[in-house]
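Q: Hi! Could you walk me through this one? I'd like to start with the packing.

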Amino acid sequence: MPKRYHCPVELTVDVVGGKWRPVILAHLKEGVHRYGELRRRMPGISEKMLTQRLRELEADGLVVRHDHETTPPHVEYRLTEEGLSLAPVLQALYDWGAGRAARTGTTIEEPSAA
């Protein structure tokens, strides 16, 4: 039996909620990223957690994993069309967080993409 929702926000939070899922989606909104790039951009996440969350997002149809089948491994992740449809929501979360940081004097340390 499919899960029942009583509010669209409940469904949204169920799909993109949690500490890391929206952050991963926000990074992938910028474009295709390799696993290592995502790991560097999110220094607070463990490898196990990143792998789990990427698999969940893939199972939910929001992320596509492309394995180039090379040695060393070259795996890339990108948003699907469904994932891209979250872009306005992710941008709103980003903008609100940036504004909140400015209003409260909170420092946002964005890791380098290198």
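Q: Happy to start. What am I looking at, and how are the residues numbered?
A: This is a predicted model, where local features need pLDDT of at least 70, side-chain atom pairs count only at pLDDT 80 or more, and totals for chains, interfaces and linings use all residues. Residues are numbered from 1 along each chain as its sequence is written, and side-chain values use heavy atoms, with hydrogens and water left out.

Q: What is Val 63 in contact with, leaving aside neighbours within four places in sequence?
A: Its partners are Leu 25, Leu 28, Leu 57, Glu 58, Tyr 77, Arg 78, Leu 79 and Thr 80. Contact means heavy atoms within 4.5 Å.

Q: Switching to the sheet: what's the strand order?
A: The order is E1-E3-E2, an open sheet of three strands with antiparallel pairing. Two strands pair if DSSP finds at least two bridges between them. The edge strands, each pairing on one side only, are E1 (33-34) and E2 (63-67).

Q: How many bridges join E1 and E3?
A: Two, in the antiparallel sense. Arg 34 stands opposite Glu 76 in E3.

Q: Where does H2 pack on all this?
A: On the sheet, touching E1, E2 and E3, with its direction at about 95° to that of E3. Axes are lines fitted to C-alpha atoms, for helices over the stretch in contact, and angles run from 0 to 180 degrees between N-to-C directions.

Q: How do the axes of H2 and H4 cross?
A: They cross at roughly 75° and come within 10 Å. The two helices are therefore roughly perpendicular (65 to 115 degrees).

Q: Which residues meet there?
A: Arg 21, Ile 24 and Leu 25 in H2 meet Leu 50, Arg 53, Leu 54, Glu 56 and Leu 57 in H4.

Note on methods:
Helix = DSSP H or I, 4+ residues; strand = E, 2+ residues; numbered from the N terminus. Parallel < 35°, antiparallel > 145°, perpendicular 65-115°, else oblique.
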